[in-house]
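Hello,

Here is the structure I promised to send over. My notes follow below it.

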Amino acid sequence: MSLFSRQIDKRIAAYQQELIETHYREVDTMYHQMRGWRHDLRNHIQTMKVLAANGDLEGIRAYLDELDTDFNAVDRATVIKTGNSVTDAILNSKILLAQSRDITVKCDAHIPVKLKMSEIDLCCIIGNLFDNAIEASMALPPERRMIRVYMDMKGTQLYISFTNFTAGKKQKKIGGRFRSTRGEGHGFGLVRIDNIVERLAGYLSRNSEDGAFTTEILIPQV
């Protein structure tokens, strides 16, 4: 292996570690918010009991209206329940991140509790796909920002599909590959996905049409 190849491998490994640490922080933040909401729920119940004991129906209505906003936030944070804990964690944390940036996310995911592929590989694939889609969406006005995610088993293969709207220009391939527009270093995310899919004997397709960019992946699970 040449010196240049070893340097590239080191940079990819460093990027992978940075990515995993970033995903961990995002998931940890989400779970801290959820624990806070659960703790507050007890206080909310006690407050409404006092209002009810005093016969204050208007106070109860006003309090419930105020709570409705908070509970909607809880629903958004736990919108996806695939059955696979790792997938749930990374999807929900990324959806929460996208929503904080005024990006609509439509996600339909059904994953077995256990997969053959490692959790780190799954985290890297989903995290990179989501990060790229979020970054591309930020070039659009809020009303046009949308990411579609679909995950399911097709026979014995895990199928992953990500589509995001783009600024309208069809992306071009350089050297047979689409390049990241996120700056130096971020292109390693695309390389990392390619390497994982290749190592797992999977299939990957990227398609850039006017107004949309789609990535489709199939990974054997037997």
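A word on the basis first: this is a predicted model, in which local features need pLDDT of at least 70 and side-chain atom pairs count only at pLDDT 80 or more, while totals for chains, interfaces and linings use all residues. Residues are numbered from 1 along each chain as its sequence is written, and side-chain values use heavy atoms, with hydrogens and water left out.

Now the sheet. It is open and mixed, with 5 strands in the order β1-β2-β3-β7-β6. Strands here are DSSP runs of E of at least two residues, helices runs of H or I of at least four, both numbered from the N terminus; two strands pair if DSSP finds at least two bridges between them. At the edges lie β1 (104-109) and β6 (203-209), each pairing on one side only. On average, neighbouring strands are turned by 10° against each other, direction ignored (axes are lines fitted to C-alpha atoms, for helices over the stretch in contact; angles run from 0 to 180 degrees between N-to-C directions).

Strands β2 (146-154) and β3 (157-165) run antiparallel, joined by 8 bridges. Helix α3 (85-100) packs on the sheet and touches β1 and β2 (contact: heavy atoms within 4.5 Å), its direction making about 165° with that of β1. Helix α4 (119-137) also packs on the sheet, touching β1, β2, β3 and β7 (212-220), at about 15° to β3.

Finally, the whole structure has 0 disulfides (cysteine sulfur pairs within 2.5 Å). The closest cysteine sulfur to that of C123 belongs to C124, and at 5.6 Å it is too far for a bond.

Best wishes
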